[in-house]
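Please have a look at the structure first, and then read on.

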Amino acid sequence: MGRVTERRRVVRIRGGVAGTRPDTLVAEEPLEIRLNGKPLAITMRTPGDDFALAVGFLVSEGVLASATEVRAVTYCEGAAEDGSNTYNVVNVQLAPGVPLPDISLERNVYTTSSCGLCGKASLDAVRTATRFAGIATDPVRVSAALLGQLPDRLRAVQKVFDRTGGLHAAGLFTAEGELLDVREDVGRHNAVDKIVGRALQAGRLPLAGGVLLVSGRASFELAQKAVMAGIPVLAAVSAPSSLAVDLALETGLTLIGFLRGPDMNIYAGEERVIL
């Protein structure tokens, strides 16, 4: 598997004085996800938690809802032309009886580290129905004061960001502020998939009562991933998109943007936030 960080030579200018030094960069490599041996998607990601990333991605696609639906997750051997293993191709083998979705038309094979839905054929294709009912009726409530503390708590555990300054993060919290999991990646959608995938592997889906915090903006895709994993509260330190707000209103997801200390905007589900 590739390294999480790499070293590169950089010319550094400070106070008008130039010098050379090594710099630590976050690694970015392609990951091809195959389903029952057939190519499904390629995403640019930070190596690490690749199996969780693959199965978490399949949760957001509506393919998986339980670890029992997965027969095996493996790296594909001979991924490079010379026959060596790049550890950049993962195959998810479904358990017997789990239906294989039609992947021939809905998704182009390439997605970027900034937008995992760029390969979708249409908006209708991404409005996948969640296999977990009850987000709209999830009784979880969280105080605004606690929400304001979460960005600092997430930032405090971003170990790779401290070394590179180039990673997004996603953190899963309880309504009481307990950090359950945190993942970092060049793509915010990958970080969320890794959290969801690890929860699936541990048999913890749906993530009822959870609060998902992302370090960037709240896109439609991230809102959908929260809904597909049964997470009732999504918060972001930056802005949501209009489609993310629409989806939150449709599904009962609580959506919070511009979460910065005590300040925040609540775009949907304000009844869950205790003032």
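Predicted model: local features only at pLDDT ≥ 70, side-chain atom pairs only at ≥ 80, totals over all residues.

Residues are numbered from 1 along each chain as its sequence is written, and side-chain values use heavy atoms, with hydrogens and water left out.

**Overall make-up**

- The chain has seven helices and 14 strands; helices (H or I, at least four residues) and strands (E, at least two) are DSSP runs, numbered from the N terminus.
- Of its 275 residues, 52% count as buried (buried means under 20% relative accessible area, exposed over 50%, and partly exposed in between, with a 1.4 Å probe and protein chains only).
- Among contacts with a separation of 6 or more, 52% join residues 24 or more positions apart; a contact means heavy atoms within 4.5 Å.

**Strand β3 and its partners**

- Strand β3 covers residues 29–35, and five of its seven residues are buried.
- β3 runs antiparallel to strand β4 (residues 38–45), and seven bridges join the two; strands are said to pair if DSSP finds at least two bridges between them.
- Within this pairing, R34 stands opposite P39 in β4.
- β3 also pairs with strand β6 (residues 89–94), this time in the parallel sense over four bridges, with I33 opposite V90 of β6.
- As background, strands of a sheet pair through backbone hydrogen bonds, either parallel or antiparallel.

**The six-strand sheet**

- An open sheet with mixed pairing has six strands in the order β9-β8-β10-β11-β12-β13.
- The edges are β9 (179–185) and β13 (263–268); each has a single partner strand, so one side of each is left without a neighbour in the sheet.
- From one strand to the next, the twist averages 20°; axes are lines fitted to C-alpha atoms, for helices over the stretch in contact, and angles run from 0 to 180 degrees between N-to-C directions.
- Strand β8 (residues 168–173) and strand β10 (residues 211–214) run antiparallel and are joined by four bridges, with V211 in β10 as the bridge partner of F173.
- Helix α3 (residues 144–156) packs on this sheet, where it touches β8, β9, β10, β12 (254–260) and β13, and its direction makes about 135° with that of β8.
- Helix α7 lies across β12 and β13, running at about 60° to β13.

**Helix α6 and its two neighbours**

- Two packed helices are described by the angle between their axes and the distance between the axes.
- Helix α5 (residues 188–201) packs with helix α6 (residues 220–228) at an angle of about 5°, with the axes 10 Å apart.
- The two helices α5 and α6 are therefore roughly parallel to each other (angles under 35 degrees count as roughly parallel, over 145 as roughly antiparallel, 65 to 115 as roughly perpendicular and the rest as oblique).
- On the α5 side, R188, H189, V192 and D193 meet E221, L222 and K225 of α6.
- That contact of α5 with α6 has four charged, two nonpolar and one polar residue (Ala, Val, Leu, Ile, Met, Phe, Trp, Tyr, Cys and Pro count as nonpolar, Asp, Glu, Lys and Arg as charged, and the others, Gly among them, as polar).
- α6 also packs with helix α7 (residues 242–251), at an angle of about 25° and with the axes 7 Å apart; α6 and α7 are therefore roughly parallel too.
- F220, A223, Q224 and V227 of α6 make this contact with L243, A244, L247 and T251 of α7.
- The contact of α6 with α7 has six nonpolar, two polar and no charged residues.

**Backbone details worth a look**

- Most residues other than glycine have a negative phi, and most peptide bonds are trans.
- N36 is not a glycine, yet has a positive phi of about 55°; N36 belongs to the hairpin of β3 and β4, which has two residues between the strands.
- With 28% relative accessibility, N36 counts as partly exposed.
- D49, also not a glycine, has a positive phi of about 55° and is found in the loop between β4 and α1 (50–60).
- D49 is partly exposed, with a relative accessible area of 28%.
- The peptide bond from L205 to P206 is cis, with omega near 0°, and P206 is in the loop between α5 and β10.
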